[in-house]
Amino acid sequence: MSQRTLVLVKPDGVERGLTGQILARIEAKGYTLAELKLVHATREILEQHYAEHQGKPFFEPLVQFMLSGPVVAAVVEGDRVIEGFRSLAGATEPTTAAPGTIRGDLGRDWGEKVQKNLVHGSDSPESAEREIGIWFA
């Protein structure tokens, strides 16, 4: 079943020069980069993107982190790409993410208030369409 998903290379991935490696892993898996852009996120975009987390203690540190530098936004296409990219990304916590995943190989805990885990991938077809609409309006 062909799907579309939103993938974000977060500011830590861009700053560390990992964008190429991350995108190469997506392409090596056989997925297609349908759209790609470098963006400086705005608070408005981030409030829409993370709407379900507003009011939670980690919301403001997360928004500040995502405002701290450029983000690479991609629309990625392929069969079962939502599930496939989330598997490729690895567990949310980089310290415990499995070796062979993006977060397991390239991420770590930096001892900061916010978890810097390199990438975001949509978690369902509904959120993928909503998120793609936010980042590629």
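**Notebook: sheet, helices and pocket**

I began with the sheet: 4 strands form an open sheet in the order 2-3-1-4, with antiparallel pairing. Strands here are DSSP runs of E with at least two residues, helices are runs of H or I with at least four, and both are numbered from the N terminus. I count two strands as paired if DSSP finds at least two bridges between them. At the edges I found strand 2 (32-39) and strand 4, each pairing on one side only. Neighbouring strands of this sheet are turned by 20° against each other on average, direction ignored.

A note on what I am looking at: this is a predicted model, where local features need pLDDT of at least 70, side-chain atom pairs count only at pLDDT 80 or more, and totals for chains, interfaces and linings use all residues. Residues are numbered from 1 along each chain as its sequence is written, and side-chain values use heavy atoms, with hydrogens and water left out.

Strand 1 (residues 2-9) and strand 3 (residues 71-79) run antiparallel and are joined by 8 bridges. Val9 has Val72 in strand 3 as its bridge partner.

Then I turned to the helices. Helix 7 packs on the sheet and touches strand 1, strand 2, strand 3 and strand 4, and its direction makes about 55° with that of strand 1. Helix 5 lies across strand 1, strand 3 and strand 4, at about 35° to strand 1. Contact means heavy atoms within 4.5 Å; axes are lines fitted to C-alpha atoms, for helices over the stretch in contact, and angles run from 0 to 180 degrees between N-to-C directions.

Where is there open space? The largest pocket has a volume of about 560 Å³. A pocket is an open set of points on a 1 Å grid over the protein atoms alone where a 1.4 Å probe fits, with protein on both sides within 12 Å along at least five of seven lines; lining residues have an atom within 4 Å of a point. Of the 25 lining residues, Lys10, Tyr50, His53, Thr92 and His120 are the closest to the centre of the largest pocket. Helix 5 (81-89), strand 4 (119-121) and helix 7 (125-135) each give two or more residues to this lining.

Last, I checked the record. An unreviewed UniProt entry annotates Lys10, Phe58, Arg86, Thr92, Arg103 and Asn117 as "binding site"; such annotations may be inferred rather than shown by experiment. The lining of the largest pocket includes Lys10, Phe58, Arg86, Thr92, Arg103 and Asn117. I found Lys10 in the loop between strand 1 and helix 1 (11-15).

Methods. Points joined across faces, edges and corners; volume = space filled by probe spheres on them.
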